[in-house]
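Please examine the structure shown below.

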Amino acid sequence: MANILSVLKGKNQSEEYPLLPLRDMVLFPNTMIPIFITYKAGIASVEEALKRDNHLFAACRRNALDSFDTHSAGTVARIVQQLRLPDGTFRVVLHGEYRARMTRAATGKESVPLVKVQPIAVSGEVNDAEEAALLRTVQQSFVQYAELSRKVSADTLAAADKADSPERAINFICNALSVKAERKVELLSMENTQARLKTLLETLEMENEIFGLQKKISTKVRTRMEKTQREYILNEQIREINKELGKESIADEFAEVEKSIEGKDPPEEVLAKARKEIGRLRRLQPFSPEAGVLRAYLDWIADLPWSKISDDAVDLAEAEKKLNEDHFGIKKAKERILEFIAVRRLISRSGEIPAGNKGPILCFAGPPGTGKTSLGKSVARALGRSFIRISLGGVRDEAEIRGHRKTYVGALPGKIIQSMRRAETVNPVFLLDEIDKLSSDFRGDPASALLEVLDPEQNSSFTDHYMEVPYDLSKVLFIATANSLHTIPYPLLDRMEIIEIPGYGELEKLSIARQFLVPKELSENGLEAAAISFTDEAILEIVRHWTMESGVRGLEREIARCARRIAREAVQKEYGIAHNKPIESFKKKIQKKDLEKLLGRKKYKNDVVYQEARTGVSYGLAWTETGGTVLPVESTGFGGSGECVMTGNLGDVMKESARIALSYLRSVSDKYAVKGPGIAKTDFHIHVPEGAIPKDGPSAGVTVAASLLSTLCAVPPKPGIAMTGELTLTGRILPIGGLKEKLLAAIRNGMTQVIIPKDNEEDFSELDSEIKDALKVLFIESAEEAFRILFDKRILKKNLKKRAAKKK
């Protein structure tokens, strides 16, 4: 240590040197490094040093983009060699003399960066025995590092071993280490020698451990490769020996695969294909890419169910009980499933189903939240079959259905075959969810690929591109779900038996909430044991003002919100396991007045319906995917040439209906007491409120005609009457769809009478009594009948009134 102090003797005063910023490099004392200097600040520093005494201060940069942003610790170095190159750059060899720390940094404004430095003195008490032990340990660790890295020269190793002081040994070793510059700067800047030795030892041990792990991993990989290569060579030798001897292979690795496939009892065509592929696989090298493809293909054949059938439940009463346990209403769908079970029971003989009997292909169509998907699960439970569901929403690639050819990298079968593998039987209940959301692009049309799947005459030999052998889907009970049928291609729609699942009425939602939703949400929110109840008025209020839907999904969410608020209230009042009060003693009845506190302000109000009769305003009924709605139609007239302006974000079909209504009124205008200049000299503006919402469809024809006639005669329609029906140019009223949803909307908005087409009378007769009793429904065949209901006799001309009186 005395030697170190003698070196620094006389250098304890600050001295000024040119600053040489080094990039990702740290210079240590007692070492020499050659460097190229190509940047402006470095060239200026070298030139200034050569003018002085060849000394400069070398420090590592903090920021590679800023030449003057360097670490404060560095090394005072002497230029022992320098060569000026033709392009103005330097090649210099630097010799580090002693460590130093900047006391004044370069500003970057002067032409030559000059800094003042103070030598880093060795501080702390010296313990020769401990220091010697540390030094010896560091030197031994450095020898191990040199052996593992193979990057340290013999001269450096000898210099570190023969160093006459710890300081010199540290400098030699640090210079030889391949570690980050920040770590080297830390070792350079430390003053206490023992602390430097300990830090250096930690660094060496860490590097040695990393090198050891790398060597271990490399050895394992090499050993594994050698073993694999050895096994391959031996297998090839055995194969050639057996071939020469005319003997079969002693250990046939493919016998188990072939046995597994035979155990699944596949058709003869599939078995022949599997044996052919196994024969090809025997002739391939085990690690060739094609061998991997064939192994995966044979695994798929072995895993698919080819003949395993689950036994169907044939107890009608038990099946009906299970269906009713899970769902309220949905009579048509339940009846169809019970019919299927009855047929299976009649045609079965000795518990076996005839081979020609095929599973039905159903499509549950209805608004969101009406229980279509969950009904599929209930059907599987009632039949005792496995249940498989795939979502078709957004699927636009044919390969999703039929799979890819197995020659493609990463190829797999389509969703149909993948799902059959999960089902593990050949007769599961297979739910094709959101079949109306399929789309197509340049990769093909998945709806066309489903034509074979959903055709009972073809699906017994469905061929996936990956499998390349026919697969029997005829025993599968396919159930598709859809919100709207008009987006499904007709050839696909024609293959399915459509079962309409309409929206629920208020009383139906009330029953569903009482029987299913409230118990479910109380259980999920830890209130099952508490005495919590909802009044019927509260549930109906949630239905009317916090939901706007045909299903019950939103109703379930709002009941869940109530349950969470109640759970929070119970915890705040110290009920539950963590408190002294048992949850069974917590009681609460949710009434209508409590809802705004639990759920906030009302989300929905009734549709735009005026309480009083207004001229030019009539009320239609519209169907949407979320249910029915009342659609007010407003019109006004002013002098002009018979033109018609239509606003309210109307679709093309609805605009055509408005033009038909105007043309019809022109043809019969002589029957009515038209005010003003007459229909030919009146311009009309037809508007349907809530213009941000798109509206389309033909069923508003009679509504538009009534609004226009009210404007022409300046007589308002009778209040409380809504209507729906497609109008023709001759005044006939054609049938409409979505009758139940439309009538529910009329009830919800306080209508007392509804005018509907005569052709929908049979649809009306199938509705629940709660809907029939809530409204007075009037059936019409022509627009004139609607006008007689909506208006009094003031709209008729006087001479027509007199004729009618004479005839009477």
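Q: Are Phe430 and Phe478 buried or exposed?

A: A residue is buried under 20% relative accessible area, exposed over 50% and partly exposed in between (1.4 Å probe, protein chains only). Phe430 and Phe478 are both buried. This is a predicted model, in which local features need pLDDT of at least 70, side-chain atom pairs count only at pLDDT 80 or more, and totals for chains, interfaces and linings use all residues. Residues are numbered from 1 along each chain as its sequence is written, and side-chain values use heavy atoms, with hydrogens and water left out.

Q: How many aromatic pairs are found in the whole structure?

A: Rings of Phe, Tyr and Trp (its six-membered ring) pair if their centres lie within 6.5 Å; planes under 30 degrees apart are stacked, over 60 edge-to-face, and the rest tilted. The search finds eight such pairs. In one, the ring centres of Phe430 and Phe478 are 5.3 Å apart and the planes stand at 35 degrees, so this pair is tilted. Ring pairs also join Phe142, Tyr145 and Phe211 into a cluster.

Q: Which ring lies under the charged end of Arg421?

A: A charge sits over a ring if NZ of Lys or CZ of Arg is within 6 Å of the ring centre and within 35 degrees of the ring normal. The charged end of Arg421 sits over the ring of Trp300, 3.9 Å from its centre. Likewise, the charged end of Lys406 sits over the ring of Tyr297, at 4.5 Å from the ring centre.
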